[in-house]
Amino acid sequence: MNPHSRAGFGLLNSLLLTGSVGLLLWGGVYVGKYSGRFDGNEFSELPYGRPAKIVGGGASADPLDAQKKAGLIAYGKSCVACHQADGNGNPSLNIPPLAGSEWVQADGPNRIIRIVLHGMQGPVKVSGQVYQGNAMNPWLKTADNPAGLTEQEIADVLTYVRNSWGNKAGGVTVDQVKAVLGATAGRADAWTAEELEKVPASGGGAAPAPTALTPDQLKEALKKLTADELKAVLDGVKPN
Ligand code: HEC
């Protein structure tokens, strides 16, 4: 055999040897680290000593968990620069806090969805203090605003801010965001606090404009009431 090719095999052999020993060592370390003392029920991808996270932990699992996690990411991308990681805003720049805010923790999210979709301007009172002189930009992702947030991300970020820094309020669904978007189609201006105060905070985000009933429709509607309900309605419309 040609000595050169033998030398080539020698090199290959030592590479194979080193490779196999390396693999064996790695395997040993891996098993030692993750085997859970070789208990068949214990295999875990978590290194020893780190508590395993309970997955799908029954009644105590927070149904908003996934949305809060996604919301934290959206918050870091879109809100933290102004409202800060602790949710306290930046009063010296007239950026109001989200922590403890009555706007954030309102019964329903109809107003804060509008704020994130289209932005906010003008004076606003939060926790007894008036902020004015700064404005918030719109955050809906559109062709003109490609760095914005999707409807789902808006639901997530609002679920996050409604449940962080001691805030306690319900989650926000993507359907609620879509409903508000539908009800505000064509809106381009940032909202003022004054305008938003006229929007019910909770209830169907669509808040349809009230339509007047014809006398016949009104009669039909009144016929459906019980005697007591009818009396209450009539008492309510009696001229003083
Ligand atoms: C460029 C800075 C800026 C960014 C970014 C920003 N905001 Fe704001 N935000 C403001 C300012 C300023 C106001 C008050 C506007 C006014 O004076 O009318 C405000 C008001 C608010 C309010 C109502 C008042 C309150 O404090 O509760 C909410 C809710 C809110 N922002 C949520 C968000 C969320 C959620 C995001 C991220 C998607 C965000 N903001 C991103 C500056 C910002």
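This report describes a predicted model of a protein chain with a ligand.

## Basis of the model

Residues are numbered from 1 along each chain as its sequence is written. Because the model is predicted, local features need pLDDT of at least 70 and side-chain atom pairs count only at pLDDT 80 or more, while totals for chains, interfaces and linings use all residues, and side-chain values use heavy atoms, with hydrogens and water left out.

## The chain as a whole

The protein chain contains nine helices and four strands, where helices (H or I, at least four residues) and strands (E, at least two) are DSSP runs numbered from the N terminus. Along the sequence these elements follow the pattern α-α-α-α-β-β-β-α-α-β-α-α-α. Of the 240 residues in the protein chain, 28% are buried; buried means under 20% relative accessible area, exposed means over 50%, and partly exposed lies in between, with a 1.4 Å probe and protein chains only.

## Around the ligand

There are 26 residues around the ligand, and C79, C82, H83, G122 and M136 come nearest; a residue is counted as near if one of its heavy atoms lies within 4 Å of the molecule. By class, this shell has 18 nonpolar, eight polar and no charged residues, with Ala, Val, Leu, Ile, Met, Phe, Trp, Tyr, Cys and Pro counted as nonpolar, Asp, Glu, Lys and Arg as charged, and the others, Gly among them, as polar. At least two residues of the shell come from each of α3 (80-83), α4 (110-118), β1 (120-121) and β2 (124-126), and α4 gives the most, with three residues.

Helix α5 (residues 151-162) has 12 residues and reaches 17 Å from its first C-alpha to its last, close to the 16 Å expected at 1.5 Å a residue, a span defined as 1.5 Å times one less than the number of residues. Nine of the 12 residues of α5 are buried, so this helix is largely enclosed by the rest of the structure. One of the residues in α5 is A155, which is buried with a relative accessible area of 0%. The C-alpha atoms of A155 and D175 are separated by 8.6 Å, although the two residues are 20 residues apart along the chain.

## Two residues with positive phi

Most residues other than glycine have a negative phi. Q84, however, has a phi near 70°, a positive value in a residue other than glycine; Q84 is found in the loop between α3 and α4 and is partly exposed, with a relative accessible area of 28%. W165 likewise has a positive phi, of about 55°, although it is not a glycine. W165 lies in the loop between α5 and α6 (174-183), and at 26% relative accessibility W165 counts as partly exposed.
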